[in-house]
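The following paragraphs lead through selected features of one structure. Please keep the sequence and the three-dimensional view at hand while reading.

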Amino acid sequence: MTATQTYPDFDLHSYDKYIVSFSGGKDSTATFLYLLDNGIPKEKIELWHQDIDGRDRTFFDWEITPDYCRRFAEAFGVKIYFQWKEGGFKRELLRENSRTAPTCFEESDFTISKIGGTKGGLGTRRKFPQQSTDLSVRWCSSYLKIDVCTAAIRNLKRFRGIRTLVLSGERGEESAARANYAIFEPDRANWYGKFIRHVDRHRPIRDWKEAQVWAIIEKYRVRVHPCYYMGWGRCSCKFCIFGNKNQFASAARISPVQIAEVISLEDEFKCTINRSCSLRKLIDSGKVYENITKELAELATSYNYDLPIIIPETELWLLPAGAFGENCGAM
Ligand code: SF4
């Protein structure tokens with residue numbers, strides 16, 4: 001579906017700014033391409049990426065993801081801004097009798113602003129996020145993504161007095177909870193107080209099938225994140241808490257040192273990521289994806305993405321091995 005979708009009182013073209021919540025995965029890619037398909041000027045579009053590990057040593061995510069996102073934005077001639085929680089996933093995971101860390105975000109000129117972290121109660125985490133729709137226990141989604149994004153919009157002066165549309169790529173096909181998300185609604189950052197900050201939320205691909213997602217990616221000849229070529233069906237964190245046995249076995253093969261640290265923390269916390277068994281057992285029972293090559297594994301775990309994002313006409317666009325594969329990793 002690439003035609004403009006209409007909803008009561010909703011005009012896709014009526015906004016001053018469009019923020020695409022951009023993970024680097026296929027659904028956020030399709031969401032961005034949907035804006036291009038509908039003729040939204042590139043200068044009005046911003047990609048926003050919440051860095052799961054912050055600016056610290058990579059602990060939970062793919063090393064390549066931030067640079068892949070940066071190169072994607074460059075290839076399409078749009079701006080990208082990063083937001084993160086100081087210390088990222090690991091600092092929040094290890095939080096003990098202390099406040100949650102400040103939130104950082106890039107201003108228009110890419111200088112970094114920092115808010116929070118000085119008030120509020122002390123708390124202890126020391127437990128991996130739990131597989132649940134309840135965001136208070138699945139804290140990675142709320143603390144490292146949703147709240148960080150909202151805090152940045154609320155504190156960036158450039159969104160005052162204008163109409164902003166935030167677009168995200170949740171699809172109903174992925175989970176029952178996502179199927180019930182509103183396609184259009186006021187965003188949490190919407191505010192009519194001392195000044196006006198009009199912010200709406202749009203989930204344009206909620207009802208898209210996976211085939212439509214790949215079709216628009218093929219149309220724009222996008223080279224997707226390397227995890228898809230290795231066999232992942234979703235581009236989430238490398239060690240996403242929703243990963244199944246094959247995903248964890250594959251991630252463990254690619255990043256043995258990091259997974260050892262995650263396993264040892266799981267032992268230390270005496271609380272497993274997967275409700276039914278330990279990470280060690282899960283990995284042992286899984287099958288490593290056959291399409292993992294040395295080159296792809298090195299690319300996914302490096303910090304510099306140097307392949308063309310838009311595949312030249314002289315090269316075939318190929319559906320990656322992970323397309324229409326295992327759909328785990330969403331709630
Ligand atoms: S991708 Fe998985 S682990 Fe990462 S923030 Fe989302 S739910 Fe948490």
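With which residue does D187 form a salt bridge? The model consulted for the reply is a predicted one. In it, D187 pairs with R201, and the closest N and O atoms of the two are 3.0 Å apart.

R188 pairs with D147, with 3.3 Å between the closest N and O atoms. Because R188 lies in the loop between strand 7 (184-186) and strand 8 (191-192) and D147 lies in helix 4 (residues 139-155), this pair ties together parts that are 41 residues apart in sequence. R188 has a relative accessibility of 46% and therefore counts as partly exposed. D147, at 32% relative accessibility, also counts as partly exposed.

Helix 4 also contains L144. L144 has a relative accessibility of 1%, which means that it counts as buried, the limit being under 20%. Leaving aside neighbours within four places in sequence, L144 is in contact with Q50, I52, K85, G88, F89 and W139. By contrast, K17 is 127 residues from L144 in sequence, and their C-alpha atoms are 23 Å apart in space.

The next subject is a pair of helices. Two packed helices are described by the angle between their axes and the distance between the axes. The axes of helix 1 (residues 26-37) and helix 6 (residues 210-219) come within 9 Å and cross at roughly 60 degrees. Helix 1 is therefore oblique to helix 6, since the range for roughly perpendicular axes is 65 to 115 degrees. The crossing of these two helices is left-handed. On the side of helix 1, the residues that meet helix 6 are K26, D27, T29, A30, L33, Y34 and D37. Helix 6 contributes E210, V213, W214, I216, I217 and K219. By class, this contact has seven nonpolar, one polar and five charged residues.

Side chains of opposite charge can pair when their charged atoms come close.

The structure as a whole holds 30 salt bridges. Some residues are joined through a network of salt bridges, namely D67, R70, R71 and E74.

G172 is found in the loop between strand 6 (163-167) and helix 5 (176-179). Its relative accessible area is 17%, so G172 is buried. Not counting residues up to four places away in sequence, G172 touches R178, A179 and R206. The C-alpha atoms of G172 and K209 are separated by 8.5 Å, although the two residues are 37 residues apart along the chain.

Technical notes. Residues are numbered from 1 along each chain as its sequence is written. This is a predicted model: local features need pLDDT of at least 70, side-chain atom pairs count only at pLDDT 80 or more; totals for chains, interfaces and linings use all residues. Side-chain values use heavy atoms; hydrogens and water are left out. Axes are lines fitted to C-alpha atoms, for helices over the stretch in contact, and angles run from 0 to 180 degrees between N-to-C directions. Helices (H or I, at least four residues) and strands (E, at least two) are DSSP runs, numbered from the N terminus. Angles under 35 degrees count as roughly parallel, over 145 as roughly antiparallel, 65 to 115 as roughly perpendicular and the rest as oblique. A crossing is left-handed if the near helix is turned anticlockwise from the far one by less than a right angle, and right-handed if clockwise. Contact means heavy atoms within 4.5 Å. Ala, Val, Leu, Ile, Met, Phe, Trp, Tyr, Cys and Pro count as nonpolar, Asp, Glu, Lys and Arg as charged, and the others, Gly among them, as polar. A salt bridge is a side-chain nitrogen of Lys or Arg within 4 Å of a carboxyl oxygen of Asp or Glu. Buried means under 20% relative accessible area, exposed over 50%, partly exposed in between (1.4 Å probe, protein chains only).
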